[in-house]
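Welcome, and please open your viewer. We will go from selection to selection, and I will say what to look for at each stop.

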Amino acid sequence: INIQQISPLMFIAFAITIPLQCIAEEYLFRGLIMQSFGSWFNIPILAIIIQALAFGATHSYNSIGVVTIILGGVVYGLLAWKTNGIEASSALHTINNLTVFITIYLGLSKTSTNVDIWAALFAFAIDLVCLGLTYYVGSRYNWFESEA
């Protein structure tokens, strides 16, 4: 399928299903896996690394692409850990995947399982910037404090 030939209705379907897919992955990797391992070992960074490796293993890219996905999993894991929930990581993951979809849809990039080092570095830099901005704004406006 040529992604630029997707109908408007199909575009809407993708725009709805991509966030659902991202949220499902967040529940599985940052929710179930990270919290389970985190409770077993009580070492947050170990739980973050384990879930990131599992996250990377579910994506079929070349080795550079898988490393990029693992690093993204680390970023999402850090955000989930520091914010005490998966809401912010779900939002960041959704923004990432929708951005990729829209750039492909508009013909600004191509879909491929072969990721080059520059694309990987760019993706990781964007993840880090989004992590920093999300955490800064969230901390500034008390998004992450419990109401107990």
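Which residues are buried in α4? Select them and see: Ala88, Ser89, Ser90, Leu92, His93, Thr94, Asn97, Phe101 and Ile104. Buried here means under 20% relative accessible area, with exposed over 50% and partly exposed in between (1.4 Å probe, protein chains only). Helices (H or I, at least four residues) are DSSP runs, numbered from the N terminus.

Before moving on, some ground rules. This is a predicted model, in which local features need pLDDT of at least 70 and side-chain atom pairs count only at pLDDT 80 or more, while totals for chains, interfaces and linings use all residues. Residues are numbered from 1 along each chain as its sequence is written, and side-chain values use heavy atoms, leaving out hydrogens and water.

Now colour by pLDDT, the predictor's confidence in each residue, from 0 to 100. The protein chain has a mean of 88, and 94% of its residues reach 70 or more. Confidence is highest in helix α2 (residues 44-57), at a mean of 96, and lowest in helix α5 (residues 117-140), at 87.

After α4 comes glycine 107, with a positive phi near 80 degrees.

Next, select the aromatic side chains. The structure holds six aromatic pairs; rings of Phe, Tyr and Trp (its six-membered ring) pair if their centres lie within 6.5 Å, with planes under 30 degrees apart counted as stacked, over 60 as edge-to-face and the rest as tilted. Phenylalanine 14 and phenylalanine 101 have ring centres 5.1 Å apart and planes at 35 degrees, so this pair is tilted. Phenylalanine 14 lies in helix α1 (residues 8-41) and phenylalanine 101 in helix α4 (residues 87-105), so the pair ties together parts 87 residues apart in sequence.

For a last stop, select arginine 30: its charged end sits over the ring of phenylalanine 55, 4.3 Å from the centre. The criterion is NZ of Lys or CZ of Arg within 6 Å of the ring centre and within 35 degrees of the ring normal.

Note on methods
Helix = DSSP H or I, 4+ residues; strand = E, 2+ residues; numbered from the N terminus.
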